[in-house]
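These are my notebook entries on one structure. I set down what I looked up, entry by entry.

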Amino acid sequence: MRGLLAGYIPIMLDCEGKRCVVVGGGKVAERKAASLVEAKADVVVISPTLTTSMAQWQEAGLIKWIARPYEYGDLQEALLIYAATNSVEINRQVAKEAAELRIPVNIVTSQEEGTFMSPSVMRRGKLIIAVSTTGAGPAAAKEIRHQLEHEFGDEYEKYTEFLYRIRSVVQSKVSDPVRRHTLLKAAATMDILNSIRAGSFDWWSDEEIESWIIQTQGE
Ligand SMILES: C[C@@]1(CC(=O)O)C2=NC(=C\c3[nH]c(c(CCC(=O)O)c3CC(=O)O)Cc3[nH]c(c(CC(=O)O)c3CCC(=O)O)/C=C3\N/C(=C\2)[C@@H](CCC(=O)O)[C@]3(C)CC(=O)O)/[C@H]1CCC(=O)O
Ligand SMILES: NC(=O)c1ccc[n+]([C@@H]2O[C@H](COP(=O)([O-])OP(=O)(O)OC[C@H]3O[C@@H](n4cnc5c(N)ncnc54)[C@H](O)[C@@H]3O)[C@@H](O)[C@H]2O)c1
């Protein structure tokens, strides 16, 4: 049985260079646009007004601005759509066009009318933690995100960069999937975080990673 709010899954969507449309230029639209800008999306904002920050992003070429109210036909070719005006009726019209085009849409005034919602997000380099209460309490999602920010500090930026380098070398040097798997599992359980926190962590050269591979395979 499909319960109220059932049916959501979290996904990581590659938005780089893809057209993502935000309808509305207020405080909430700014938050949605900010995460799209961070993801290097091709952000198009349709709104008669913009917040000060969004106006600066527009000047800097980070977003495109269509300076007028939404019109039917504005949503063609989008990967994602955010209806973030303060008008329930306009947001509903956006939802309707998005449904016709079968494009995922986020409605900030009423989650039931949209097809996806935004989680509260924290980033530490390649580590992304997203929190959602599935609409039960957006302010609580934000609070939980704040708690996680304390727990997962800046050290995770270096840590994920290190893991990425190890993984790249392992993938290029080790073709056997079983050996790869053993190495990548070993990399994930290495005690690197404490040395990063203590400031005693030294980047490994490719040669050091290769000797770690040989040593770990021999164990
Ligand atoms: C997480 C975050 C992400 C983001 O927006 O980027 C987000 N809302 C945030 C903040 C926030 N939103 C609201 C308040 C005031 C307190 C309150 O009312 O509770 C605060 C707190 C604040 O602003 O401090 C009011 C509110 N929100 C929604 C409605 C309409 C409705 O319920 O249908 C109303 C009533 C409007 C009204 O009545 O006027 C709807 C949604 N808000 C969601 C996401 C989706 C569910 C996510 C989830 O449950 O996890 C969903 C369903 C759709 C969507 O927008 O995607 C972001 C925190 C970002 C951060 O981490 O800083
Ligand atoms: N989902 C959330 O996280 C969340 C959080 C707080 C509030 N809200 C709801 O979101 C709505 C928007 O909040 P806000 O603080 O950004 O409002 P706001 O008043 O700051 O901004 C509204 C924006 O919509 C634009 N707009 C109005 N009519 C338009 C049209 N026809 N076409 C295009 N743009 C149009 C305005 O020019 C303005 O830029 C509120 O109604 C509120 O209920 C949602």
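**Entry 1: domains and conventions**

I took the centres of domain 1 and domain 3 over C-alpha atoms and found 41 Å between them. The protein is divided into domain 1 (19-118), domain 2 (119-152) and domain 3 (155-218); these bounds come from an automatic or database domain assignment. The model is predicted, and I note that local features need pLDDT of at least 70, that side-chain atom pairs count only at pLDDT 80 or more, and that totals for chains, interfaces and linings use all residues. Residues are numbered from 1 along each chain as its sequence is written, while chains are lettered from A and ligands numbered from 1 in the order in which they are written.

**Entry 2: ligand 1**

I looked up the shell around ligand 1 and found 22 residues, the closest being Gln111, Ser118, Ser120, Pro138 and Ala141. A residue is near a molecule or strand if its C-beta atom, placed from the backbone, lies within 6 Å of it. The elements that give two or more residues to this shell are helix H1 (27-38) and helix H4 (138-151). H4 gives the most, with 5 residues. Helices here are DSSP runs of H or I with at least four residues, strands are runs of E with at least two, and both are numbered from the N terminus.

I then sorted the shell around ligand 1 by class and recorded 7 nonpolar, 11 polar and 4 charged residues. In this scheme Ala, Val, Leu, Ile, Met, Phe, Trp, Tyr, Cys and Pro count as nonpolar, Asp, Glu, Lys and Arg as charged, and the others, Gly among them, as polar.

**Entry 3: ligand 2**

I found 21 residues around ligand 2, and the closest are Gly25, Gly26, Val28, Pro69 and Val108. H1 supplies the largest share of this shell, 3 residues. By class, I recorded 11 nonpolar, 9 polar and 1 charged residues around ligand 2.

**Entry 4: a helix pair**

Two packed helices are described by the angle between their axes and the distance between the axes. I looked up helix H5 (residues 155-173) and helix H6 (residues 177-188), which pack at an angle of about 165° with their axes 10 Å apart. That makes H5 roughly antiparallel to H6. Angles under 35 degrees count as roughly parallel, over 145 as roughly antiparallel, 65 to 115 as roughly perpendicular and the rest as oblique. The axes are lines fitted to C-alpha atoms, for helices over the stretch in contact, and the angles run from 0 to 180 degrees between N-to-C directions. H5 passes H6 in a right-handed crossing; a crossing is right-handed if the near helix is turned clockwise from the far one by less than a right angle, and left-handed if anticlockwise.

I placed lysine 40 in the loop between H1 and strand S2 (42-46). Its phi is near 60°, a positive value in a residue other than glycine. Lysine 40 is partly exposed, because 13 other C-beta atoms lie within 10 Å. A residue is buried with 20 or more other C-beta atoms within 10 Å of its own, exposed with 12 or fewer, and partly exposed in between, the C-beta atoms being placed from the backbone.

The C-alpha atoms of glutamate 16 and lysine 40 are 4.8 Å apart, although 24 residues separate the two along the chain.

**Entry 5: further single residues**

Arginine 19 is in strand S1 and is partly exposed, with 17 other C-beta atoms within 10 Å. Its C-alpha atom is 5.9 Å from that of leucine 79, 60 residues away along the chain.

I found glutamate 71 in the loop between strand S3 (63-66) and strand S4 (80-83). Is glutamate 71 buried or exposed? It is exposed, because 11 other C-beta atoms lie within 10 Å.

Glutamate 77 lies in the loop between S3 and S4 and has a positive phi of about 70° although it is not a glycine. Tyrosine 156, in helix H5, is buried, with 20 other C-beta atoms within 10 Å. I recorded 36 Å between the C-alpha atoms of tyrosine 156 and glutamate 77.
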